[in-house]
Amino acid sequence: MHILCLVFLILGFSTCQSSSLWNETYPKGEVVRVEDMDVYTVGNKTNSEKNLSIIVFHDIYGFNITQTRVFCDRLAAEHEVQVVMADFYRGNSLPTTIPHFAAWLAQVGNWSQVSIDLRTIATWLRSTSSPSRRIAVIGFCWGGLQVARACSNLSDLFFTGISIHGAWLTEDEVKNLQRPVLFIAAGDDPPLRPNISTAIEQSANSQVSGQCQYETYANMKHGFVSAGANYSNLENVAAINQVHESVKTFLNKISTSSSSITSYSACILLCLLFVFDLCQ
């Protein structure tokens, strides 16, 4: 995937597409300041029925990509939830020369800083909505890797994740998953099966591995949902529509499962308390 991103740089991969109204379909959000980060926020933050918010990791092209914001806008409108995307790069954009790429990537991909940022955003989301707000994470390319890391190392914050054409995904990065993840790949991405799926099945607990899903869009290129999305191409639009449907189905399934487990745990706790009172 390093090679893929470098090729994009060399070829001057375009993130601007022309198609009438494709970026005007859904209500747009606004950029707010959360500590030292700009955060794009869109959607309903007071929806008590779903009690759900979504944090989106942008791809390697960063925070100000129209196609990625349109994904957030659509996600918020169709799910009737709040969707937020932070500028994890803090304006430190992708370098235009290959020799600077590796150093830049190491800086912006520092998990220690990313994990701090995630806790900051999650705390802010819950303080402005509900302390019990459930949060899912979705990421593209660079952000797809951060989803795997978040669902492995910050399971106290997030109940599930979705990695869309994730870059630099390896067996080591996914073997400690603590939350179920939907992995979506393009045809030119490294295959999800068998390496990624097998690593999860052999290492993660059965409840997590059994809920993970894997989808590959064989006719699509890396970036087809975010910065590389071409809304002038009907096949690309159809693939994006299917991704949104898959995201919706997966979130609904995991949300239901998560709620059932929570209710079951609460019921067990009440029974234990009842028995304890009888023994007094």
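The model is a predicted one, in which local features need pLDDT of at least 70 and side-chain atom pairs count only at pLDDT 80 or more, while totals for chains, interfaces and linings use all residues. Residues are numbered from 1 along each chain as its sequence is written, and side-chain values use heavy atoms, with hydrogens and water left out.

Phe88 and Trp142 form a tilted aromatic pair, at 6.1 Å centre to centre and with 55° between the planes; rings of Phe, Tyr and Trp (for Trp, its six-membered ring) pair if their centres lie within 6.5 Å, and planes under 30 degrees apart count as stacked, over 60 as edge-to-face and the rest as tilted. This pair links distant parts of the chain, since Phe88 is in the loop between E4 and H3 whereas Trp142 is in helix H5, 54 residues apart. Helices (H or I, at least four residues) and strands (E, at least two) are DSSP runs, numbered from the N terminus. Trp142 is itself buried, with a relative accessible area of 2%.

A search of the whole structure finds 9 aromatic pairs. Among them is the stacked pair of Phe57 and Phe88, with 4.9 Å centre to centre and 25° between the planes. Because Phe57 lies in strand E3 and Phe88 in the loop between E4 and helix H3 (101-108), this pair ties together parts that are 31 residues apart in sequence. Phe57 counts as buried at 0% relative accessibility. Phe57, Phe88 and Trp142 belong to one aromatic cluster, which also includes Tyr89, Phe101 and Trp104.

Strand E4 (residues 82-86) has 5 of its 5 residues buried, so the strand is largely enclosed by the rest of the structure. Both of its faces are covered, with Gln82, Val84 and Ala86 buried on one side and Val83 and Met85 buried on the other.

E4 pairs with strand E2 (residues 37-42) in the antiparallel sense over 4 bridges, two strands being paired if DSSP finds at least two bridges between them. In this pairing, Val42 stands opposite Val83 in E4. E4 also pairs with strand E3 (residues 52-57), here in the parallel sense and again over 4 bridges, and the bridge partner of Val56 in E4 is Met85. From E3 the chain crosses through helix H2 (residues 66-79) to E4, and this β-α-β crossover is right-handed, a term that applies if, with the strands pointing away from the viewer, the path from the first strand over the helix to the second runs clockwise.

Glu78 lies in helix H2 and is partly exposed, with a relative accessible area of 35%. The C-alpha atoms of Glu78 and Gly43 are separated by 9.6 Å, although these residues are 35 residues apart along the chain.

## Helix H5

The end C-alpha atoms of helix H5 (residues 142-153) are 17 Å apart, which agrees with the 16 Å that its 12 residues should span at 1.5 Å a residue; the expected span is 1.5 Å times one less than the number of residues. H5 is mostly covered, as 11 of its 12 residues are buried. The buried residues of H5 include Trp142, Gly143, Gly144, Leu145 and Gln146.

## Charges over rings

Arg69 lies over the face of Phe63, at 4.6 Å from the ring centre; a charge sits over a ring if NZ of Lys or CZ of Arg is within 6 Å of the ring centre and within 35 degrees of the ring normal. The charged end of Arg134 likewise sits over the ring of Phe159, 4.8 Å from its centre.

## Further buried sites

Ser255 is found in helix H9 (residues 234-279) and counts as buried at 11% relative accessibility. Its side chain reaches the backbone oxygen of Leu251 at 2.7 Å.

Gly166, in the loop between strand E6 (160-164) and helix H6 (171-174), is buried with a relative accessible area of 11%. Cys212, in the loop between helix H8 (206-211) and strand E8 (213-217), counts as buried at 8% relative accessibility. Cys212 and Ile200 are 8.5 Å apart in space, C-alpha to C-alpha, and 12 residues apart in sequence.

Definitions and conventions: Buried < 20%, exposed > 50% of the residue type's maximum accessible area, 1.4 Å probe, protein only. Polar contact = N/O pair within 3.5 Å; in protein donor to acceptor, adjacent residues only side chain to side chain.
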